[in-house]
Protein chains: 2
Amino acid sequence: MTVDFSASRPYRVHHVPQWDHETDVLVVGFGAAGASAAIEAASAGAGVTLLEATSGNGGTSAMSGGEIYLGGSGGTPAQRQAGFSDDTEDLFRYLMMAGGPDADESKVRVYAENSLAHYDWLVAQGVKYKNTFLPEKMMEPVTDDCLIWSGSEEAWPFVEQAKPCPRGHTPQFVGWGGGRMLMDALAARVEALGVDIRYDSRVLALIADDANNVHGLVVRNDGQIRFMRARKGVILCAGGFAMNRDMVRRYAPHLLRSDDPIGTPGDDGTGILLGRSVGGAAIHMNEAFVSLPFYAPESLVKGIFVNERGQRFINEDCYHGRIGHHIMQQSGDRIYLLADNAIFERPAEFTRIDIAAVGETWEEVEQELGLPEGTLAHTVELYNRHAAEGRDPLFHKGEKWLKPLNEPPFVALDCRIGYAFYPHFTLGGLDTLPTGQVVTEKREPIRGLYAAGRTSCGLPRWSGGYSSGLSLADATFFGRQAGLNAARAVTEESQ
Amino acid sequence: MTVDFSASRPYRVHHVPQWDHETDVLVVGFGAAGASAAIEAASAGAGVTLLEATSGNGGTSAMSGGEIYLGGSGGTPAQRQAGFSDDTEDLFRYLMMAGGPDADESKVRVYAENSLAHYDWLVAQGVKYKNTFLPEKMMEPVTDDCLIWSGSEEAWPFVEQAKPCPRGHTPQFVGWGGGRMLMDALAARVEALGVDIRYDSRVLALIADDANNVHGLVVRNDGQIRFMRARKGVILCAGGFAMNRDMVRRYAPHLLRSDDPIGTPGDDGTGILLGRSVGGAAIHMNEAFVSLPFYAPESLVKGIFVNERGQRFINEDCYHGRIGHHIMQQSGDRIYLLADNAIFERPAEFTRIDIAAVGETWEEVEQELGLPEGTLAHTVELYNRHAAEGRDPLFHKGEKWLKPLNEPPFVALDCRIGYAFYPHFTLGGLDTLPTGQVVTEKREPIRGLYAAGRTSCGLPRWSGGYSSGLSLADATFFGRQAGLNAARAVTEESQ
């Protein structure tokens, strides 16, 4: 057979020569979303086959810190132990703001109300949390501690609409390997439930009928083409498209300003293309998490960011991904973080943030950077004047981070786009219902097709609102919903 | 028959009960792109049926000023008559910059080299140009004059890479109705060529085979469903999606900040959905022309724009659409245009730009606007200092527009997003080759399917580079290519 299969074109069910494999639910991708989908589908009694393109599980989830954004319903054990009470409506409001101008209210609502139960589910799967709290601003704990401020909860404008609460929960693991630990727990559960796992299995096309109802997958495995039938549903959890630079160029070309995509080679957009091939809508394809993880050291949060005209542009106490969003909005690549001797500490080496200029006065720094007289120096003067009064009328930085930058020597740190570390991954993907069902442009569900994780467009869908842990929260929670709903789907035979 | 047709799902050719109509080329949409496609296909000897959803021709093209971005090859008659020589490479470089980070070099190349010939073609179709030049900065001539500066050619950074030349060509028509005149000429030509025109004909779905080759259209006309066969090709010229606010929300939600979409009800995205239903890639869906047409009066170009922190953000002598792009990048809705007594003139009423504050000093204006002390006033002081020296080191505004704003009274004009006039239309759409062929994500052409105009993503694809006349240039030129190439397509019968 010499058929040219394509992710962009469904293979027609009436052309299937034979079914090489049949099951209830086919899950594509063994990251956190796929694992969660498989667990719930299998737990609900469905036969599940999980297809993974590589030889091992984990995907991009395993490369992460494993942090998950959780809270509401009064608070998780870690939140309560740290003295926080997290109201569901505060979580709801925060997530609505974090979702940006097209936040998905139906998903935010169901997640806010069920986030605490999702925490319990994660623990039941074997994910361990120490339930301790670290109050400092940081990317992720390097200790085995649990709870951190992982978003912009305490920062303007979020703080004005939602009572702040830390919600980033990291598994109990020493170092930055919590994602692997999370995946190990989920993968063990997948195996214990008897899910049929097929590694080295690449999905080539969806199998659909003329109405674009999905019936299965064309899969390449061991050099063989196999036609696999899903009686109840196919769940696409194949990651985003950060590693497919051709797609990035056509959908989110601003990301090409950075050479630091986060992902595995599997984040090539195949999942999104598969969903689109049967009329699924792929939305917010220009949106991404794009960050400058400049803290810790936390003291640098007391510094100020300026663009290449010496203008400030953000309250520096918000989440580093929100700062990345605003950096990308500036014209020009030169971005500086200004600090004085009192707050200066070297940023982590991996950030590639070097020193651009040093001076005994801000005028000297301004000059050394080649900025016109009265630009950067005026910006600092204005900031210092207000900071001394404990306020920031321009950007509303929180009082605890306001301190005049008046202790020489002064330094400008070089955060240039194209040189410094701007990790990024894509947030656009298939539009889905809270059930995980992929929908068309008119938001009609496509029968037999589900998606979760970065193959879908979920809770995180706006670079200005990203918070650490949102992607894994979305992937695990809505992966579960997809698994549950696929398992419950009424098959044609049983109708 | 009670089939539920959908633009998101092709109707399968083996289900077609009978062909109600057969021709070589089916063109969808009777705006400038569709008319140009029909003219070229018919001129090449193809049988052409043109389907228009409304009862008349013109679409959004007829609502426009009819301006077309033309030049290169030494210059059009209007350019040469005004003393300009327009080098093809300058046009090429300008269009590459205007296309932004993912400019389509192959389209830019073919357009730059053939733009002058395209001018001749337009004249041959009956479009009349007076070939006079108006040097003032304006939206469009209200007289019957022809040539204007319609982009950012003289402005930084364009001026540094491409020798400036005015390229906006408006038909000879008194008032802002040049688009209707352009369409009348093209429509008369379509009729003269014997094209079979079907008004009130709504396309419901593409007809495709299992390999997603396109064979025709399902059309509703007179309450009847008709299956129409295209032996050589279907050309989608059905406009963009500015009027489909659900689509705008999911693809370009920042546009919802303005209530002024430009378009007809036909700009509902149907053309894009049809193309996607057979695996066509829709790219740069977040991009749009979004403008604040604050000039004429030209003197206001000597003013300066500030955001709600009193910061300048753009060289004010660039095209108003590029200014709109930068306005949309500012956080906050408050945008002011500052002028002194020497340059102040009232903006046109339709701009809804009112006076926000007046003062005898800039400090007074600053205070009246409620901005912190030393923000706006400092911005003006810095600008004035450099302007007096004939330079703008921060934003590189051209010297002829630099004048200290030092003659009281001073005024801040209110350009608030959500109140002032920010017209916009979408630039994202189907990815096509210079031949007009719609391509998949892997850039493989879809057999039998073409697109042009705002259904496609063409020369204009970045809000920061839009110039008046680019959309009609793209629609007419690449509409022609689609028509020509469809007419020349080899049919299955003739193979």
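Predicted model: local features only at pLDDT ≥ 70, side-chain atom pairs only at ≥ 80, totals over all residues.
Chain A contains 13 helices and 21 strands. Taken along the principal axes, the box filled by the C-alpha atoms of chain A comes to roughly 75 × 50 × 40 Å. Of the 495 residues, 65% count as buried, and the accessible surface of the chain amounts to about 16100 Å², with 48% of this area belonging to carbon and sulfur atoms. When contacts between residues at least 6 apart in sequence are considered, 72% of them join residues at least 24 apart. The charged side chains of chain A comprise 45 positive and 63 negative groups, and the centres of these two sets lie 5 Å apart.

Within chain A, helix α4, which spans residues 88-98, is mostly covered, with eight of its 11 residues buried. The buried set consists of A:Thr88, A:Asp90, A:Leu91, A:Phe92, A:Tyr94, A:Leu95, A:Met97 and A:Ala98. These buried residues of α4(A) pack against one strand segment, β4 (68-69), and against the helices α5 (105-124), α6 (158-161) and α13 (470-488) of chain A.

The C-alpha atoms of A:Arg229 and A:Asp20 are 7.9 Å apart in space, although 209 residues separate the two in sequence.

In chain B, strand β16 (residues 410-414) is mostly covered, five of its five residues being buried. This cover extends to both faces of β16(B), with B:Phe410, B:Ala412 and B:Asp414 buried on one side and B:Val411 and B:Leu413 buried on the other. Strand β14 (residues 336-339) of chain B runs antiparallel to β16(B) and is joined to it by four bridges, while strand β15 (residues 354-359) of chain B pairs with β16(B) over five bridges, likewise in the antiparallel sense. B:Leu413 takes part in both pairings, for B:Leu337 stands opposite this residue, and B:Ile355 has B:Leu413 as its bridge partner.

A further element of chain B is an open sheet of three strands in the order β4-β6-β5, paired in the antiparallel sense. Strands β4 (68-69) and β5 (147-148) of chain B stand at the edges of this sheet, and each has a single partner strand, so one side of each is left without a neighbour in the sheet. The antiparallel pairing of β4(B) with strand β6 (residues 168-169) of chain B rests on two bridges, and B:Tyr69 has B:Gly168 of β6(B) as its bridge partner.

Notes
Residues numbered from 1 in each chain as written. Chains lettered and ligands numbered in written order. Heavy atoms only, no water. Buried < 20%, exposed > 50% of the residue type's maximum accessible area, 1.4 Å probe, protein only. Contact = heavy atoms within 4.5 Å. Areas by Shrake-Rupley, 256 points an atom, 1.4 Å probe, with all protein chains shown as cover. Lys, Arg positive; Asp, Glu negative; His and termini not counted. Charge placed at Lys NZ, Arg CZ, Asp CG, Glu CD. Pairing = 2+ DSSP bridges.
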